Amino acid sequence: MSASDNAFQELARIFSTRNNRILEIEILPPALGPLLQDECSVGITKKYLVQSFVVARRIFFGKSRSNFECGSPRTILRNENESVTHSASDAILEDLLVSTEIILLFDCEHITACNWRRGRLDALTRHHDFSSDDPGPLIQALENELTLMTTYLCSPLHRHTKSPTLWQHRLWVLARLLEIREVGARRAHFVSPFEVTNQQQKSNVDWLKSELAVVHRAGELHPRNYYAFNYMRQVLGVLSDTTKARQGPSALADSIIDLALPWCLAHPSDVSGWMFMLYLLEVVPKGDLHPNVVKKVVGYALDVGWEGESLWTFVDLSVQSLGLEETVRNTLQMIPGTSYTTISTVQDESTRNTALPARSWKSWLTMARKYWDSCNQVAK
């Protein structure tokens with residue numbers, strides 16, 4: 001057996017015995033390789049991964065063309081005289097599944113491998129018996145696909161955490177899973193659509209929080225992860241459509257603000273996180289929530305002396321879109337003698353004697369600097 005075959009077999013064993021667990025995979029330096037595993041932590045060298053990919057690609061393009069079409073096996077028994085058995089078909093399917101997993105580990109933008117996996121799940125959906133109480137292999141396959149995407153998106157890999165292909169595939173899987181569970185709940189328990197909506201609302205909040213945890217992890221691994229936070233906007237829309245709740249997306253958005261704000265404060269330079277925070281505030285119509293959140297953000301910046309553009313851009317956009325100018329101004333004028341009318345015209349050193357625009361994040365930063373200067377004078 002060649003070195004490439006050995007690499008494929010070892011990595012295939014890890015994926016095939018994953019059992020719906022979430023792995024954390026990272027690329028090792030050559031001196032530590034070629035492959036290490038400790039429970040759910042996996043390390044592999046780039047060379048070993050390339051060798052495994054070469055074999056996986058050969059298997060995938062060889063077997064997918066000859067035995068499968070759009071994810072549906074053509075080796076299903078049609079009569080008693082067929083020589084191909086179900087066990088052989090299952091073996092081919094297993095090889096294709098693990099091959100696509102290795103291919104996506106090497107190349108997260110491999111559209112063909114991703115589409116094959118989606119086609120297989122779509123074929124399972126078409127043959128799923130929704131009248132049965134047993135969810136069968138479909139729910140298990142969808143949940144397994146979701147944990148596989150979590151493995152890719154939450155591992156310290158170079159491109160996976162910011163892969164548009166993987167995020168869109170995860171959204172597709174999540175939407176199918178939610179649709180199937182909703183239909184199954186109605187048929188299995190014979191409840192009205194309104195009762196299902198009330199039952200589903202709580203579970204959808206849990207779904208939203210779990211997806212936000214995945215996005216936050218991806219955002220930590222790859223800062224300014226626009227694709228991850230855009231995925232959260234889409235998830236919010238999908239969950240709102242499945243619940244058909246009277247509140248629309250506002251109730252769901254409100255449920256994660258207390259989770260999103262601490263993350264943004266812990267990563268104040270991440271503009272993607274702040275823009276998602278602004279999106280949540282715009283979705284929630286609660287008037288008392290808006291000033292409280294923005295006041296916390298401004299208070300945090302004043303306490304730690306933060307001058308970064310991302311945070312103050314969030315403050316500026318909140319003032320413009322939510323009408324919170326008075327809230328921000330009052331927070332920045334907590335020290336006597338700090339006047340908005342005078343500070344807004346103060347010339348910033350970075351502008352080289354150019355007056356600041358009436359509405360700019362630098363205007364609020366200038367007020368903050370005046371606040372810090374006033375604090376230093378009081379301290380002296």
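Predicted model: local features only at pLDDT ≥ 70, side-chain atom pairs only at ≥ 80, totals over all residues.
Reader: Why is the pair of Trp167 and Tyr231 called tilted?

Author: The ring planes sit at 40°. Stacked would need under 30 degrees and edge-to-face over 60, and the rest count as tilted, so this pair is tilted.

Reader: And what makes Trp167 and Tyr231 a pair?

Author: Their ring centres are 4.9 Å apart, and the cut-off is within 6.5 Å, so they pair. The structure holds 9 aromatic pairs. This one links distant parts of the chain: Trp167 belongs to helix α6, Tyr231 to helix α8, and they are 64 residues apart.

Reader: Why does Trp167 count as buried?

Author: Its relative accessibility is 1%, and buried means under 20%, so Trp167 is buried. Tyr231 also has a relative accessible area of 1%, so that residue is buried as well.

Reader: What makes you say that Arg233 lies over the face of Tyr279?

Author: Arg233 is at 5.4 Å from the ring centre, and the distance limit is within 6 Å. Tyr279 also belongs to an aromatic cluster with Phe229, Trp263 and Phe276.

Reader: How do you know that Asp122 and Arg126 meet in a salt bridge?

Author: The N to O distance is 2.7 Å. The cut-off is within 4 Å, so the contact qualifies. Both residues lie in helix α4, 4 residues apart, about one turn of the helix.

Reader: Which parts of the chain does the salt bridge of Glu211 and Arg170 link?

Author: Those side chains meet at 2.8 Å, N to O. Glu211 is in helix α7 and Arg170 in helix α6, 41 residues apart, and the pair links distant parts of the chain. Glu211 and Arg170 are both buried.

Reader: What makes the contact of Arg217 with Glu220 a salt bridge?

Author: The closest N and O atoms are 3.6 Å apart, and the limit is within 4 Å, so the contact counts. Arg217 and Glu220 are 3 residues apart in helix α7, so about one helical turn separates them. Arg217, at 29%, is partly exposed, and so is Glu220, at 38%.

Reader: How many salt bridges does a search of the whole structure find?

Author: The search finds 10.

How values were computed
Residues numbered from 1 in each chain as written. Heavy atoms only, no water. Phe/Tyr/Trp six-rings, centres within 6.5 Å; stacked < 30°, edge-to-face > 60°. Helix = DSSP H or I, 4+ residues; strand = E, 2+ residues; numbered from the N terminus. Buried < 20%, exposed > 50% of the residue type's maximum accessible area, 1.4 Å probe, protein only. Lys NZ or Arg CZ within 6 Å of the ring centre and 35° of its normal.
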